[in-house]
Amino acid sequence: MKVTVCIGSSCHVKGSRQVVETLQQLISDNNLSEKVELAGTFCMGKCQQGVCVNVDDDFYSVTPDSAAYFFEENIKAKV
Amino acid sequence: MGVRKFDTKVQHLKYKVLREVARHAWNDTLLDNLLSIPETIAPGKTPTMRCCVYKERAILSERVKMVMGGDKDNPNVIQVIDIACDECPSAGYEVTDSCRGCLAHRCEDVCKRGAITFDQNHVAHIDKSKCVECGQCAKVCPFTAIINRKRPCQNACKVKAISINEDNAAAIDNSKCIQCGACVYQCPFGAITDKSYILDVIDMIKKSENNQKYKVYAIVAPSISSQFVYAKLGQVIKGLKELGFFTVIEAALGADMVAQAESQELAEKGFLTSSCCPAFVQYIKSAFPDLLPLVSHNLSPMAALAQYIKKTDKDAKVVFIGPCTAKKAEAQLESVKPHVDAVMTFEELQALYDSKDVDITTLGEDVLDNASYFGRIFARLGGLSDAVAQGLKEQNIEFDLKAIACDGIEECRMALLKKSKNVLDANFIEGMACVGGCIGGAGCLTHGEKNKAEVDKYGREAFEKTISDAVAILK
């Protein structure tokens with residue numbers, strides 16, 4: 001599974017660093033580092049909906065507050 | 001165009017040529033109109049710049065060639081337009097008619113070479129075969145009657161790469177030139193200029209088919225905060241996307257990466273010079289090759305960030321936009337070529353906007369926020385040293401930093417000279433070839449007192465406050 005978080009300017013000011021840090025932590029806590037590849041990208045062209053996250057080809061809009069829930073629902077549950 | 005966008009009329013002329021060529025390039029009409037561009041810019045029969053319109057147009061043709069990449073056989077990105085060189089007086093020290101034929105003869109007394117003689121009217125003359133251009137006579141003359149006739153280009157070139165050729169035009173010694181562009185900015189006739197690669201940029205954008213085939217990324221140097229001051233920075237960024245760039249990223253994020261890595265490297269090695277300024281690095285290569293091992297092995301912020309972008313998107317095309325002519329040469333280095341596809345200056349960006357009639361003052365504001373305060377202040381002298389100090393602190397590295405920030409290539413030379421003799425009281429050299437740092441770059445639209453304050457203000461506005469937070473996102 002490949003999880004791509006947008007780290008472009010617009011998402012950055014909406015908290016993409018916190019999203020990345022939360023996901024990094026949870027992936028490691030759940031021993032999923034082998035199965036989940038976390039990557040960055042500089043724009044997904046959907047700046048209004050940031051923080052933009054792709055899980056494989058599916059798009060999600062995530063906030064720093066919803067990152068943990070997003071992990072449970074869309075990463076841990078599907079991996 | 002009510003707002004003054006450039007420091008000089010030479011820049012404005014250069015801009016007009018860039019804009020015309022770019023306009024045709026966007027419309028695929030460049031080949032058909034190549035020969036008519038000079039007349040478009042210098043119409044009519046009355047000359048406004050030179051002796052006649054024909055000479056003006058001949059020079060403009062040469063300028064068009066420079067916009068199209070210049071002389072391919074000359075590897076230097078800085079090139080002299082021979083016919084534009086006005087062959088300025090270059091006689092060195094001369095006595096002018098202000099000499100009153102006084103009794104004191106201080107000039108004669110101070111001259112250690114006995115080069116001063118007097119005619120029957122007691123007026124001083126300088127014997128060129130004896131004069132060593134020390135300038136003492138000019139200093140002591142109470143009538144300031146002795147002046148130094150030096151060409152502005154030679155005066156600007158502190159690395160002494162400019163000489164005068166057999167045709168009395170300026171000639172650049174490529175083995176000494178560091179591409180800093182000081183001569184480009186200082187030549188009052190615009191006879192020395194930097195080659196442009198904007199046609200490559202336009203081609204890249206067009207062939208991307210709205211960033212569908214591949215994406216074109218713009219990296220902007222932090223000194224952009226002191227430029228385009230007639231608009232808001234957010235509008236400058238929006239304008240880049242209007243031109244067709246996929247997205248815009250701060251070179252300052254690359255600077256954060258460099259600051260972190262460079263502070264580690266410094267602590268390991270005990271002594272380092274910076275590697276961010278390509279003109280400074282080129283100067284070490286040409287004038288102090290023995291010191292090359294002491295240059296930081298980090299890529300420059302531009303190259304480091306471009307490399308990272310291509311890691312996230314292997315088909316990406318990356319264009320760096322900054323104040324610097326030397327970056328154009330850096331992008332041609334084997335170590336940088338794979339990462340950076342083209343380099344352009346702020347001057348060229350202004351022309352690009354206007355070639356597409358993008359009036360940035362009418363646009364909405366976009367966001368530019370990737371880096372920390374420390375990455376952003378790389379744009380001005382001392383910022384790099386501050387960032388390395390911060391990098392050491394944040395990573396809890398025990399190292400007694402003693403930095404020297406060199407303001408312009410002459411100060412760089414002094415520090416390097418001392419280092420080569422082992423008498424430099426510092427363990428880190430921040431080398432900035434331009435006075436003031438990057439904000440003094442030849443590719444800036446304007447150079448002014450306020451620019452440093454603008455950069456600092458922009459630094460304080462950064463969303464991330466520390467280097468580690470800014471780079472955390474990249475891991």
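This is a predicted model: local features need pLDDT of at least 70, side-chain atom pairs count only at pLDDT 80 or more; totals for chains, interfaces and linings use all residues.
Reader: Nice. What sheet do those strands belong to, and in what order?

Author: An open sheet of three strands in chain B, ordered β11-β15-β14, with parallel pairing. Because β11 (272-273) and β14 (403-407) of chain B each have a single partner strand, they stand at the edges, and one side of each has no neighbour in the sheet.

Reader: How many bridges join β14(B) to β15?

Author: Five, linking β14(B) to residues 428-432 of chain B, the stretch that makes up β15.

Reader: Switching to helix pairs: how do α11 and α13 of chain B cross?

Author: Their axes come within 7 Å, crossing at roughly 100°. Angles of 65 to 115 degrees count as roughly perpendicular, so that is the word for α11(B) relative to α13(B).

Reader: Which residues meet there?

Author: From α11(B) there are B:Ala251, B:Leu253, B:Gly254, B:Ala255, B:Met257 and B:Val258. They meet B:Pro301, B:Met302, B:Ala304 and B:Leu305 of α13(B). By class, the contact has nine nonpolar residues, one polar and no charged.

Reader: OK, α10 of chain B next. Mostly covered or mostly exposed?

Author: Mostly covered: of the eleven residues in α10(B), residues 233-243, eight are buried. Among them are B:Leu233, B:Val236, B:Ile237 and B:Leu240, and B:Lys238 is buried too.

Reader: What do those buried residues pack against?

Author: They pack against α9 (198-207), β9 (216-220), β10 and α15 (346-355) of chain B.

Reader: And what happens just after α10(B)?

Author: B:Gly244 follows there, with a positive phi of about 120°.

Reader: Zooming out, what domains does chain B have?

Author: The domain assignment gives domain 1 (1-68), domain 2 (77-85 + 150-195), domain 3 (92-149) and domain 4 (198-472).

Reader: How many residues are in contact between domains 2 and 4 of chain B?

Author: 15 residues of domain 2 are in contact with 15 residues of domain 4. On the domain 2 side, helix α8 (residues 182-186) of chain B gives the largest share, three residues. That side of domain 2 has eight nonpolar, three polar and four charged residues. As for the C-alpha centres of these two domains, they lie 25 Å apart.

Reader: Now the chains themselves. How many residues of chain B are in contact with chain A?

Author: 16 residues of chain B, in contact with 15 residues of chain A. On the chain B side, the elements giving two or more residues are β10 (247-250), α13 (301-312) and α20 (467-472). By class, this side of chain B has ten nonpolar, three polar and three charged residues.

Reader: Last one: where does A:Ile7 lie?

Author: In the loop between β1 (2-6) and α1 (9-13) of chain A. Leaving out residues up to four places away in sequence, A:Ile7 touches A:His12, A:Ser16, A:Gly40, A:Thr41, A:Phe42 and, from chain B, B:Ile473.

Reader: Why is A:Ile7 called buried?

Author: Because 24 other C-beta atoms lie within 10 Å of A:Ile7, and a residue is buried at 20 or more.

Reader: How far is A:Ile7 from A:Glu34?

Author: They are 23 Å apart in space, C-alpha to C-alpha, and 27 residues apart in sequence.

Key. Residues are numbered from 1 along each chain as its sequence is written. Chains are lettered from A and ligands numbered from 1 in the order in which they are written. Two residues are in contact if their C-beta atoms, placed from the backbone, lie within 7 Å. Helices (H or I, at least four residues) and strands (E, at least two) are DSSP runs, numbered from the N terminus. Ala, Val, Leu, Ile, Met, Phe, Trp, Tyr, Cys and Pro count as nonpolar, Asp, Glu, Lys and Arg as charged, and the others, Gly among them, as polar. Two strands pair if DSSP finds at least two bridges between them. Axes are lines fitted to C-alpha atoms, for helices over the stretch in contact, and angles run from 0 to 180 degrees between N-to-C directions. Angles under 35 degrees count as roughly parallel, over 145 as roughly antiparallel, 65 to 115 as roughly perpendicular and the rest as oblique. Domain bounds come from an automatic or database domain assignment. A residue is buried if 20 or more other C-beta atoms lie within 10 Å of its own, exposed if 12 or fewer, and partly exposed in between; C-beta atoms are placed from the backbone.
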